[in-house]
Amino acid sequence: MEKFNLGLVLSGGGTKGVAHAGVLKFLVEKNLEADVLACCSAGSIVGALHAYGKSSDEILSFFKSVYFFNWRHFTFNKPGLVSSVIFSSYLNPIFEDMLIGDLKKEVKIVATELVSGKQRVFDKYTKVVDAIIASCSIPGITTPYVVGNEMFSDGGVLNNFPADIINNDCEHLIGSYVSPPQNVELGDLKTIKSITSRAYDLMSHRTEIYKFSYCDWFITSQKLADYGTFERKAHRLEEIFEIGYQAAKTSYEESAFKTDI
């Protein structure tokens, strides 16, 4: 199999995924077009919209338009606060019945199949909307998403930075990671919730670190740790977008990738 020239990995991270759009803005300015994208959770939204043909500014506008925690979206007696199906009301007007294979670029989206406990990389015959919703169904927050006879949860449960699924298929690899551990001080860790949250944060991050080295150019910013998973205010999303753009710009100048491709 002939290798792709350039691959792009987009991590999960909730609304911090808007930073990926900032990264894409910089890549476009440098005429760097990925041939294949590996995406998880929020990264799957950005990756699919990009592969559809949306600009980075249009992706930012999409995130501004989404409000998951409307009271009409809450569920009762179900395994999640918000119905995962509500995502479709935002995605269907764009993708309709489009399959992953219909996108303008090759896109690989990961999700976690809860019954088998295995990772699923959706194939080109999967509906784009189904793959995105499955990959974005955050445990305990949104209900699991059922496709056929399988029940899916967020891809980040098993693989929040899916560089490994395209690493061997690409000559060059760029990674955008928007989930650095939060910045905390000793005084912040005084409750069971804060300790548990911090431990989970570090554990999740640790499982991804080794895959950073797969990338010829790795883009991230610790500034993203100061933002939440569910940012709503437009100015906060714009700040996240700009952080992504600046992180790409700065790391590009400092990396060997500038001359390697």
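Is Cys170 buried or exposed? Cys170 is buried, at a relative accessible area of 6%. The legends below refer to a predicted model.

**Figure 1. Overall view of the predicted model.** The protein contains eight helices and eight strands. Of its 261 residues, 52% count as buried. Among contacts with a separation of 6 or more, 76% are between residues 24 or more positions apart. The protein exposes about 12900 Å², and carbon and sulfur atoms supply 52% of that area.

Figure 2. Cys136 is buried, with 6% relative accessibility.

**Figure 3. Close-up of the salt bridge between Lys105 and Glu33.** The closest N and O atoms of the pair are 2.6 Å apart. Lys105 lies in the loop between α4 (87-95) and β3, and Glu33 in the loop between α1 (18-29) and β2 (36-40), so the bridge ties together parts that are 72 residues apart in sequence. Lys105 counts as buried at 17% relative accessibility, whereas Glu33 is partly exposed at 43%.

**Figure 4. Close-up of the salt bridge between Glu238 and Lys64.** The N to O distance is 2.6 Å. Because Glu238 belongs to helix α7 (residues 234-254) and Lys64 to helix α3 (residues 56-65), the pair ties together parts that are 174 residues apart in sequence. Glu238 is partly exposed, with 38% relative accessibility. Lys64 is also partly exposed, with 28%.

Figure 5. The side chains of Lys108 and Glu106 meet at 3.4 Å, N to O. Glu106 is partly exposed, at 35% relative accessibility. Elsewhere, Asp164, Glu208 and Lys211 are linked in a network of salt bridges.

**Figure 6. Close-up of a nonpolar surface patch formed by Leu114, Val115, Val146 and Met151.** Together these residues have about 360 Å² of accessible area. Val115 is located in the loop between β3 (106-113) and β4 (118-121). With a relative accessibility of 70%, Val115 counts as exposed.

Notes:
Residues numbered from 1 in each chain as written. Predicted model: local features only at pLDDT ≥ 70, side-chain atom pairs only at ≥ 80, totals over all residues. Heavy atoms only, no water. Patch = residues over 30% accessible without salt bridge, like charges linked within 9 Å, V, L, I, M, F, W, Y side chains within 5 Å. Areas by Shrake-Rupley, 256 points an atom, 1.4 Å probe, with all protein chains shown as cover. Salt bridge = Lys/Arg side-chain N within 4 Å of Asp/Glu carboxyl O. Helix = DSSP H or I, 4+ residues; strand = E, 2+ residues; numbered from the N terminus. Buried < 20%, exposed > 50% of the residue type's maximum accessible area, 1.4 Å probe, protein only. Contact = heavy atoms within 4.5 Å.
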